[in-house]
Amino acid sequence: MANIISDETIEYVAILAKLELSPEEKEAAKKDMGEMLDYIDQLNELDTTGVEPMSHIFPISNVFREDVVTNTDVREQMLANAPKQKDGSFQVPRTVE
Amino acid sequence: MKITALGAVELGKKIQAREISSVEATKEVLRQIDALDPIYHSYVTVAGEQALEQARAVQKAIDEGTLTGTLAGVPVAIKDNLCTRGLRTTCSSNILSNFVPTYTAQAVVNLEKAGAVIVGKTNMDEFAMGSTTETSFFGVTKNPWNPDHVPGGSSGGSAAAVALEECSYALGSDTGGSIRQPSSFCGVVGMKPTYGTVSRYGLIAYGSSLDQIGPISKNVTDCAAILEAIASYDPKDSTSVRRGDTRFTEALTEDVKGLRIGLPRDYYGDGLDGEIRDAIQKAAKELEKKGAVIEEFDLGLVSYAIPAYYVIASAEASSNLARFDGVKYGYRAKEYDGLHSMYKKSRSEGFGAEVKRRIMLGSFVLSSGYYDAYYLKALRTKALMKQAFDKAFERFDIILAPTAPTTAPKLGESLSDPIKMYLGDIYTISVNLAGLPAMSVPCGTDKNGLPIGMQLIGDCFTEKKLIRAAYAFEKTREFARPAVVLERERKEREDGKNI
């Protein structure tokens, strides 16, 4: 395997991904990611010099619309989905001491 | 003929002719679900009461003459990543296991306007990440033709529900083959339209530049009618395309004279099951007999599609799934220490292994220092693949290919080796990268009685050509139904039920 994923890398990725991994999950993730990157590395066989990256197949940019409210008030239904709510707001752990 | 055995358009016509009522049809579908779903598990949620209520309202509109379309009153199943107002939408994930949307996806709104009756939400791979429906938090769906096998994925529940006649048709979504491959494994018709044809508003995003909603149906006529109903320009989806002709049912003719069909040699080489190769070559012969011109050619770049796809789809997924944080909806961990701990614990407990794998890969390829080498490289590869298809479509109207290299694998055989599972999408994935329309049509069975699908791929906006070819081919063969469905019908007849 050409790609060896270090503990530091997987911990950094877990921070970016906002995931908490158990020691077993961490080992599995290192192996999985290494194997996937080995596989993905075959793209390097392709000469892409001078090829523009294509994010969308149609040339779309800056699709604008009028900034007007079109949806109805569903405050109650939205709050009903909240894991925790208080006084008509979403409740989260204290963030400012 | 038994109501559940009818195609969507056939049933719709009988409803318009007042031979069958929408309520009657919905009840029959719910009975079929009661009988078969405990074994096959196509549905995550069955909305029995809501469906009957909807059927009564639709029937009233039909009786008053305000709903006259062919899909009015016809029961449909919706993949569980399409938001339905007031009806739980889970993406087959723990993190959304109690989520009730406050709005309905535009594609489903379009169906409701046409008078559709929603019977329930179908099982899928978690967040549409998988090829077998085995990554669902709610358990696996089984293949209608053999319950020891997978139905394919990620729209496995939708394809199984259609084959089991637990609905008249279904909606799925396709990011790398998720409509076509399960349709192939379950012996039904499935289409992924040109990117931008169906609004993605209300589709819970996986890989936004690749995701597209499409029909899964018993036959090509239904496929065209459903696509006609769901296609629309939608300002709420910034990638929605204002396209001209969407009267897809006009293409339901057997005329394939002079249609140029290309068979890519690189799709028929190593790794393709011999029985599938034979079935598709036989299908090509049938189309040739009807006047199509068949020729082999080299498409190129085939082996690069999967690595490019996993970089792009994972990158987009890592961004799209950042919204699941346990704050406004969805699962929140029971124990945590502060806000960041709550995010991390909720996500770690809420997502399954395959979803975490892709979020991490996506976060990595987008991280500074790797962005150019992986993400931009994949986007450059995508540009080359698009060019290869453009070149092919200068010579051909349609590309004819297998949908998958094998028929449905056994349950439990795929998840242990992700790369091997990913390779099963080799013939479908490049279509998403290039934004093309493609459909899977049943074309035979293997020695174990499992369905084989062939894939018709067209240039952007040429769905009508695909429908024409598929319709012409469909006329050459008998419609096949799974043994379990035939057996149930036989038993009911013996029991003297009037069907």
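**Exercise 1. Two helices of chain B**

Which residues in α7(B) meet which residues in α15(B)? Describe the packing of the two helices step by step.

*Solution.* This is a predicted model, in which local features need pLDDT of at least 70 and side-chain atom pairs count only at pLDDT 80 or more, while totals for chains, interfaces and linings use all residues. Residues are numbered from 1 along each chain as its sequence is written, and chains are lettered from A and ligands numbered from 1 in the order in which they are written.

Step 1. Helices (H or I, at least four residues) and strands (E, at least two) are DSSP runs, numbered from the N terminus. Two residues are in contact if their C-beta atoms, placed from the backbone, lie within 7 Å. On the α7(B) side the residues are B:Val220, B:Ala224 and B:Leu227, and they meet B:Glu463, B:Ile467, B:Ala470, B:Tyr471 and B:Glu474 of α15(B).

Step 2. The axes of α7(B) and helix α15 (residues 463-474) of chain B are 9 Å apart, and the packing angle is about 160°. Axes are lines fitted to C-alpha atoms, for helices over the stretch in contact, and angles run from 0 to 180 degrees between N-to-C directions. The angle makes α7(B) roughly antiparallel to α15(B) (under 35 degrees counts as roughly parallel, over 145 as roughly antiparallel, 65 to 115 as roughly perpendicular and the rest as oblique).

Step 3. By class, this contact has 6 nonpolar, no polar and 2 charged residues. Here Ala, Val, Leu, Ile, Met, Phe, Trp, Tyr, Cys and Pro count as nonpolar, Asp, Glu, Lys and Arg as charged, and the others, Gly among them, as polar.

**Exercise 2. A crossing pair**

Determine how α9(B) and α11(B) are placed relative to each other.

*Solution.* Step 1. Helix α9 (residues 305-320) and helix α11 (residues 353-366), both of chain B, have axes that come within 7 Å and cross at roughly 100°. That makes α9(B) roughly perpendicular to α11(B).

Step 1. Residues of α9(B) in the contact include B:Tyr310, B:Val311 and B:Ser314; those of α11(B) include B:Arg358, B:Ile359 and B:Leu361. The class count for the contact is 8 nonpolar, 4 polar and 1 charged.

Step 2. A nonpolar core is a set of buried Ala, Val, Leu, Ile, Met, Phe, Trp, Tyr and Cys residues joined through C-beta atoms within 7 Å. The largest such core has 173 residues, and B:Ala305, B:Val311 and B:Ala470 are among those with the most contacts inside it. α9(B) gives the most to this core, with 10 residues.

**Exercise 3. B:Ser131 and local backbone**

Is B:Ser131 buried or exposed?

*Solution.* Step 1. A residue is buried if 20 or more other C-beta atoms lie within 10 Å of its own, exposed if 12 or fewer, and partly exposed in between; C-beta atoms are placed from the backbone. B:Ser131 has 29 within 10 Å and is therefore buried.

Step 1. B:Ser131 lies in the loop between β3 and α5 (156-163) of chain B. Its contacts beyond four places in sequence include B:Gly153 and B:Ser414. B:Ser131 and B:Ser414 are 283 residues apart in sequence, yet 8.6 Å apart in space, C-alpha to C-alpha.

Step 2. Most residues other than glycine have a negative phi, and most peptide bonds are trans. B:Gly153 and B:Ser154 are joined by a cis peptide bond, with omega about 10°.

Step 3. Phi is positive, near 45°, at A:Asn62, and near 60° at B:Glu165. A:Asn62 counts as exposed because it has 5 C-beta neighbours inside 10 Å, whereas B:Glu165, with 25, counts as buried.
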